[in-house]
Amino acid sequence: MKRRKVTVVGAGNVGATCAQVLATRDYADVVLVDIIENLPQGKALDVNQMGAVLGYEPTVVGSNGYEESAGSDVVVVTAGKPRSPGMSRDDLVTTNEKIVGSVVEQAVAQSPDAILIVVSNPLDAMCHVAKHVSGWPKERVFGMAGILDTARFSTFIAWETSSSVKDVTAMVLGGHGDQMVPAVSATTVGGIPLRQLVSEERIAAMVERTAKGGGEIVELLGTSAWYAPGAAAAQMVDAVMLDEHRVLPCTAYLEGEYGIDGLYIGVPVKLGADGIEEIVELELSDDERQALEASAEAVRDVVGVLGSAA
């Protein structure tokens with residue numbers, strides 16, 4: 001039986017980590033595409049050789065073109081310039097709009113039936129670009145942000161409560177930026193509401209650290225994070241490829257849900273073989289709903305910087 005195929009565009013830190021995690025899952029061939037000569041080929045070779053140690057079949061191909069990606073079930077777009085220290089997400093818009101537009105155009109030509117998962121920043125705006133360029137329905141074009149933000153929030157909660165991160169159920173909504181909205185009312189540890197375990201003051205500190213989580217890593221490393229983002233993108237690929245019907249926070253195109261219309265923003269969705277099967281509407285507190293509306297306005301401002309894709 002021929003294995004199915006996932007393409008990851010961008011062999012930088014995030015893309016290579018995503019490809020590596022997917023290779024270890026061992027259910028699909030992975031194509032790693034990058035314009036830099038020898039980079040995707042070298043990383044693919046390295047990941048294949050890791051298979052001999054960890055026990056998965058070496059099926060990662062590096063390419064500088066898109067021919068190898070033909071017939072992919074899922075295309076993950078990580079291409080684009082990363083944030084550098086002191087750089088706002090807005091500064092990235094015009095640069096990455098051109099890069100993401102070009103990548104999507106070439107990828108969809110080779111894999112017209114694929115599902116597009118966008119990871120490039122500024123995430124919410126790049127989803128608009130991908131949807132516009134591909135012309136695909138909203139169910140098949142969505143972004144990775146909420147899983148990463150939720151992972152950060154969950155990590156801080158596990159540390160704060162001295163609990164296993166496996167027992168933390170959290171959800172972060174809104175734009176992938178400083179105005180993201182951790183849904184504290186929907187957050188539990190082992191089924192116990194977070195507010196019963198941690199003071200409002202400590203929760204506020206964790207929420208703030210989560211919102212600035214990407215910036216904290218940029219300040220430490222001088223570049224964006226990659227391990228958690230790469231794994232988060234791979235989790236979305238799993239949900240689609242394995243038809244898991246997972247409820248995960250993703251950047252989805254809303255048409256009235258949560259009172260938001262015509263905008264990509266982070267909300268819980270059910271992900272399966274057809275992409276987004278359902279947008280899950282949580283019961284938010286008044287504060288959370290207001291914060292989500294404010295986050296949506298901030299996203300609209302960034303999207304407004306786009307050219308034709310807005």
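These legends describe close-up views of one predicted model.

Residues are numbered from 1 along each chain as its sequence is written, and side-chain values use heavy atoms, with hydrogens and water left out. Because the model is predicted, local features need pLDDT of at least 70 and side-chain atom pairs count only at pLDDT 80 or more, while totals for chains, interfaces and linings use all residues.

**View 1. The largest pocket and its lining.**
The volume of the largest pocket is about 910 Å³. A pocket here is an open set of points on a 1 Å grid over the protein atoms alone, where a 1.4 Å probe fits, with protein on both sides within 12 Å along at least five of seven lines. Its volume is the space filled by probe spheres set on the points, which are joined across faces, edges and corners. The lining holds 41 residues, each with an atom within 4 Å of a point. Nearest the centre lie Thr-78, Ala-79, Gly-80, Lys-81 and Pro-82. Two or more lining residues come from each of helix 1 (13–25), helix 3 (89–110), helix 5 (146–161) and helix 7 (213–221). Helices (H or I, at least four residues) and strands (E, at least two) are DSSP runs numbered from the N terminus. Helix 3 gives the largest share, six residues. By class, the lining has 20 nonpolar, 16 polar and five charged residues. Nonpolar covers Ala, Val, Leu, Ile, Met, Phe, Trp, Tyr, Cys and Pro; charged covers Asp, Glu, Lys and Arg; the others, Gly among them, are polar.

**View 2. Salt bridges.**
The model has eleven salt bridges. Each is a side-chain nitrogen of Lys or Arg within 4 Å of a carboxyl oxygen of Asp or Glu. One of them pairs Lys-212 with Glu-208, with the closest N and O atoms 3.0 Å apart. Lys-212 is partly exposed at 46% relative accessibility, and Glu-208 is partly exposed at 47%. Partly exposed falls between buried (under 20% relative accessible area) and exposed (over 50%), using a 1.4 Å probe and protein chains only. Glu-278 pairs with Lys-270, the closest N and O atoms being 3.7 Å apart. Glu-278 is partly exposed at 39%; Lys-270 is partly exposed at 27%.

Arg-300 is partly exposed at 33%, and Glu-297 is partly exposed at 47%. Elsewhere, salt bridges that share partners join Arg-3, Asp-26 and Asp-29 into one network.

**View 3. Thr-17 in helix 1.**
Thr-17 is buried, with a relative accessible area of 7%. Its side chain reaches the backbone oxygen of Asn-13 at 2.7 Å. This is a polar contact: a pair of N or O atoms within 3.5 Å, one able to donate a hydrogen and the other to accept it, where residues adjacent in sequence count only if both atoms are side-chain atoms. Leaving out residues up to four places away in sequence, Thr-17 touches Trp-226, Tyr-227, Gly-230 and Ala-231. Contact means heavy atoms within 4.5 Å.

**View 4. Ser-69 in the loop between strand 3 (60–63) and strand 4 (74–77).**
Ser-69 is buried at 2% relative accessibility. A polar atom of its side chain lies 2.6 Å from the backbone oxygen of Tyr-66. Not counting residues up to four places away in sequence, Ser-69 touches Lys-5, Thr-7, Val-31, Gln-110 and Ser-111.

**View 5. Val-33 in strand 2 (residues 28–33).**
Val-33 is buried at 2% relative accessibility. Beyond its neighbours within four places in sequence, its contacts include Thr-7, Val-8, Val-9, Pro-40, Ser-63 and Tyr-66.

A cis peptide bond joins Asn-121 and Pro-122, with omega about -5 degrees. Asn-38 is not a glycine, yet has a positive phi of about 75 degrees.
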